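Hi,

Here's the structure I promised to pass along.

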Amino acid sequence: MAGMDEPEKKRRRVVELTEKMVVDGGSGGSCEWEGRWNHIKKFLERSGPFTHPDFEPNTESLQFLLETCKILVIGAGGLGCELLKDLALSGFRHIDVVDMDTIDVSNLNRQFLFRPKDVGRPKAEVAADFINNRIPGCHVVPHFKKIQDLDETFYRQFHIIVCGLDSIVARRWINGMLLSLLVYEDGVVDQGSIIPLIDGGTEGFKGNARVIFPGMSACIDCTLELYPPQINFPMCTIASMPRLPEHCIEYVRILQWPKETPFGDGVALDGDDPEHIQWVYQRSLERAAEFNITGVTYRLTQGVVKRIIPAVASTNAVIAAACTTEVFKIATSAYLPLSNYMVFNDVDGLYTYTFEAERKETCSACSQVPLDLYFSPSSKLQEVMDYLTECASLQMKSPAITATVEGKNKTLYLQSVASIEQRTRPNLSKTLKELGLTDGQELAVADVTSPQTMLFRLCFTS
């Protein structure tokens, strides 16, 4: 290293040591070195002012993290990349990651486990390879599939599940899966069947982290009203009085595309097709010019069409750190976990607060009794469908309703299968009385938001 200045010598030495540790760790050699876990030992092998009242410093907790604890990360996007990095550096070595997406160029600015050469490859596989190669001794197992493609046996093997999702439907589904794994004895949940769920979410400069103990604390569906409905602009504004560039893009998306059918009859607008986005972009520019509106860009056009919320890397980092801290607390029992909802906001300055979301006795997901549905016998089945999809505490997507009528199990309406939808469609215009339903009748409702069938009790009103 003759001729090098001191900083360059130090940099070279760090690179050499890092490469040696990676090689040793990946070839069956020792992946430990003196002092590697000192930062973790400070929390686990000595007491502190914030430790759990029942916590006794020990050496077994670190061994549990390194050798036994299994963590499932759902999502390998902006939040998921941060979670995988934080968990691996916190001593968790047995990690699985599930993600159904492939890498896009637009991901590279914040999803730091990916490189340009990875575009088009599955996020889960690339993220797992990166962590495994970078952090000696860590073993991340990728699953390039939907969470709905994995069964109860798969989910039951994990000690803790942490989510970095951008979908409310997916959140609700995994929430329902963990509730379905609970075992009850005399109406009391067996705590050995509980798999804690740590959920993180970000939206621009805002984010939240929450801790859920299924069957004991508020679940995702208990607080469904906290998730705002998708923003839709009034049609009168879009068509007659546009004021924002988004209004112009929505006009083209909603009205011009189906009217002009630029790529042929029946061709749906695809937010991932550059030709489609380019067409919408050009027409939006033309409409914006008519009303002297500025600000229409290709990126904004794609964002409006795909309902993209701009992602901020620093928000992902903060929320992932908060979620990993909660995973660490629960896995080691060293500290009291968050109780149970933390909100972060740095739009104007830095603001954060916590509150305890309360479990809802009438929650459609975690309550143990059928929920009451109040309708008149003359109400049509369509009104029940509308209630299930529009009610803020239910927000179902495509409910399928079945009931036992005259001793036989009868499908009243099912949308997901075309042949059955066509056969049951006339039921939507029939009254509940005409369908043979009675007061107190149980309705079984299945929906994509949950792996479980939900039970409702029909209560007739005068």
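One term before anything else: helices here are DSSP runs of H or I with at least four residues, numbered from the N terminus. By that rule, Gly78 sits in helix H4. Keep in mind as you read that this is a predicted model.

**Overall picture**

The chain has 462 residues, and 44% of them count as buried. Its secondary structure comes to 14 helices and 15 strands. Looking at contacts with a separation of 6 or more, 62% are between residues 24 or more positions apart.

**The cores**

The largest nonpolar core holds 49 residues, and the ones touching the most other members are Ile71, Val73, Leu84, Phe92, Ile95 and Val162. Helix H12 (residues 313-332) supplies the largest share of this core, with eight residues. A separate core of 34 residues lies apart from that one, with Tyr155, Ile194, Ile195 and Ala365 among its members.

Ignoring neighbours within four places in sequence, Val73 is in contact with Leu83, Leu84, Leu87, Ile95, Asp96, Val97, Val98 and Val162.

**H4 against H12**

How do H4 and H12 pack, in angle and in distance between their axes? The angle between H4 (residues 78-89) and H12 is about 45 degrees, and the axes are 8 Å apart. Angles under 35 degrees would count as roughly parallel and 65 to 115 as roughly perpendicular, so H4 and H12 come out as oblique to each other. Their crossing is right-handed.

On the H4 side, the contact is made by Gly78, Leu79, Glu82, Leu83, Asp86 and Leu87. H12 brings Ala313, Asn316, Ala317, Ile319, Ala320, Ala321, Cys323, Thr324 and Val327. Sorted by type, the residues of this H4 and H12 contact are ten nonpolar, three polar and two charged.

Gly78 has a relative accessible area of 10%, so it is buried. Leaving out residues up to four places away in sequence, Gly78 touches Gln111 and Asn316. Its C-alpha atom is separated by 8.0 Å from that of Gly164, which is 86 residues away along the chain.

**H9 against H10**

The other helix pair on my list is H9 (residues 245-260) with H10 (residues 274-290), packed at about 115 degrees with axes 9 Å apart. Here too, H9 passes H10 in a right-handed crossing.

From H9, the contact involves Cys248, Ile249, Tyr251, Val252, Gln256, Trp257 and Glu260. H10 answers with His276, Trp279, Val280, Arg283, Ser284, Arg287 and Ala288. By type, that H9 and H10 contact splits into eight nonpolar, three polar and three charged residues.

**A buried arginine**

Is Arg93 buried or exposed? Its relative accessibility is 11%, and the cut-off for buried is under 20%, so Arg93 counts as buried. Arg93 is placed in the loop between H4 and strand S2 (94-98). Not counting residues up to four places away in sequence, Arg93 touches Cys31, Glu32, Arg36, Trp37, Leu65, Leu66, Pro136, Gly137, Cys138 and His139.

Most residues other than glycine have a negative phi, and most peptide bonds are trans.

- Ser339 and Asn340 are joined by a cis peptide bond, with omega about -15 degrees. Asn340 is in the loop between H12 and strand S9 (341-345).
- Thr261 is not a glycine, yet its phi is positive, near 35 degrees. Thr261 is in the loop between H9 and H10, and at 26% relative accessibility it counts as partly exposed.
- Gln395, also not a glycine, has a positive phi of about 45 degrees. Gln395 lies in the loop between helix H13 (381-390) and strand S12 (400-405), and with 19% relative accessibility it counts as buried.

Cheers

Technical notes. Residues numbered from 1 in each chain as written. Predicted model: local features only at pLDDT ≥ 70, side-chain atom pairs only at ≥ 80, totals over all residues. Heavy atoms only, no water. Core = buried A, V, L, I, M, F, W, Y, C linked by side-chain atoms within 4.5 Å. Buried < 20%, exposed > 50% of the residue type's maximum accessible area, 1.4 Å probe, protein only. Helix = DSSP H or I, 4+ residues; strand = E, 2+ residues; numbered from the N terminus. Contact = heavy atoms within 4.5 Å. Axes fitted to C-alpha atoms, helices over the stretch in contact; angles between N-to-C directions. Parallel < 35°, antiparallel > 145°, perpendicular 65-115°, else oblique. Left-handed = near helix turned anticlockwise from the far one by under 90°. Nonpolar A, V, L, I, M, F, W, Y, C, P; charged D, E, K, R; others polar.
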